[in-house]
Protein chains: 2
Amino acid sequence: MKTKDKIVLTSLELFNEKGERNVSTNHIAAHMGMSPGNLYYHFRNKSDIIYEIFKNYELMVDSYLNVPTDRAIHIHDLISYLDAVFNGLWAYRFIHQDLEHLLSNDKRLREDYRYFTLRCLEGIQRIILAMEGSQIYRPMEDQQRKSKALNTWLIVTNWMTYLKSIHASDDPEEALSRKSIQHGVYLVLDYVMPYLFEDKRALALELQEKYRFDGIAPNPDRAKAS
Amino acid sequence: MKTKDKIVLTSLELFNEKGERNVSTNHIAAHMGMSPGNLYYHFRNKSDIIYEIFKNYELMVDSYLNVPTDRAIHIHDLISYLDAVFNGLWAYRFIHQDLEHLLSNDKRLREDYRYFTLRCLEGIQRIILAMEGSQIYRPMEDQQRKSKALNTWLIVTNWMTYLKSIHASDDPEEALSRKSIQHGVYLVLDYVMPYLFEDKRALALELQEKYRFDGIAPNPDRAKAS
DNA sequence: CTATTTTTAGAGTATATACTCTAAAAAGTC
DNA sequence: GACTTTTTAGAGTATATACTCTAAAAATAG
């Protein structure tokens, strides 16, 4: 593997683990057993590394949001979309940690991210439309489909942040459990449930149940105290 | 006003405007025309300033989520809750910009925030329950109410971040429009719509319409290109 | 008016960060 | 095997950051 690609991989790993803010270019170089000078031979600056990582992320997510054209769409498709998306978000979780800062530091990234978001929202709308086409979702107005897409996006992109914020331990090594990440699928399914045709609901509920996880926020005893 | 309170106010202002990461204690002092030494006389460190700001935020949000006990709850109540919450989020928007970093730097804050979240989720559930009680929401199971509360929370707490991320300009001075912030209310109302009793829906739709704003993401022409 | 406490200024420090520069080593080419 | 190009090391730099320390000014109390 090329050194350049290794830098990208290592950076992603460190950014996810410790947060982009806490990882300097010197850290990355040191972690790879290489000199800072070498790192800067491959990348002009830290932003360029981040940009490259984002491009990979973009590529991955774009590949997820394709509606099958050769056959009708099924509830299982919806679930595998969600599963894939949440895994992707996990693999690139540092991006959503302080997105605003990343965007304000790199004009290209800001612009690309903007269109990336719009593309995702359109992708979600196409999925909804396809589900309507195969009698899973009840038909809805354009405006409604738009809102659904946006709400879904908000839920999905905020799920990791939420999990990390209520995680009791401040040890970044203690990863969130796979189960708790998957509960995001449960939530999105709960969101779409009312729009399903009645005859599909039983199946959806059954599939949903596999993604449920109650152990996210233990001992809320103190919740009432300030 | 006490110097200490002025520091808190100025910090909040600067954090919101430029992002907490880009505002040093020296900046805060300079912006107030005072010496760093003076600032550190009032606060032991930056974290303590943030903690104080958070405590104000907490107080504010907690005050929002009270269900009226002297009368039945109405759709208008729901809307004024949402309106207030979004305004509150705007006023303290830096908190959600890189919450994870704030939490990982301050154990007290991490713990407090955790219980704050749980309290909010319970508050939302109580509101839902009250709405069921006054024949606005259709009755639902505990588990469902829990999911609704969590999804609402995810939508609400991510709305500012979303807006800022698709905002074209990188000029932090160019504030987001009031209208676009309010569209968050529209979205949450769209989310709850299916759970309303049919006879309440017309009114809800009418009220919702006032919060709609389409100018969030203009010219998505390029969205298909990568 | 004196004594004490609170508040302030301002210079200073240790550390980290993003990044540069030069020169040597390694790899590739003919 | 001479050469050219690519890759690397490593020392160094300018700047910023969070925070400390000392002493003077201002406010308060008796």
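**The surface near DNA strand C**

Analyst: The biggest share of the surface near DNA strand C comes from H3(B), which gives 4 residues. Before going on, a word on the source: this is a predicted model, where local features need pLDDT of at least 70, side-chain atom pairs count only at pLDDT 80 or more, and totals for chains, interfaces and linings use all residues. Residues are numbered from 1 along each chain as its sequence is written, while chains are lettered from A and ligands numbered from 1 in the order in which they are written.

"Near" here is about a residue's C-beta atom, placed from the backbone, lying within 6 Å of the strand. There are 15 residues around DNA strand C, and the ones that come nearest are Ser24(A), Gly37(A), Asn45(A), Gly37(B) and Tyr41(B). As for helices, those supplying at least two residues each to this surface are H2 (25-31) and H3 (36-42) of chain A, along with H3 (36-42) of chain B. Helices are DSSP runs of H or I with at least four residues, strands are runs of E with at least two, and both are numbered from the N terminus.

What is this surface made of? It has 9 polar residues, 5 nonpolar and 1 charged. In that count, Ala, Val, Leu, Ile, Met, Phe, Trp, Tyr, Cys and Pro are nonpolar, Asp, Glu, Lys and Arg are charged, and the others, Gly among them, are polar.

Now for how the two chains meet. Chain A puts 45 residues into the contact, and chain B puts in 45 residues. Two residues are in contact if their C-beta atoms, placed from the backbone, lie within 7 Å. On the chain A side, helices H6 (99-104), H7 (107-133), H8 (142-166) and H9 (178-192) each supply at least two residues, with H8(A) giving the most, 14 residues. That side of chain A splits into 18 nonpolar, 13 polar and 14 charged residues.

The copies meet through the same surface, because 100% of the interface residues of chain A are also interface residues in chain B. Turning chain A by 180°, with 0.0 Å of shift along the axis, superposes it on chain B at an RMSD of 0.0 Å. That is the relation of a two-fold axis.

Finally, chain A itself: it has 10 helices and 0 strands, and its C-alpha atoms fill a box of roughly 60 × 50 × 30 Å along the principal axes.

How values were computed: Copies are superposed by least squares on the C-alpha atoms of residues with pLDDT of at least 70 in both.
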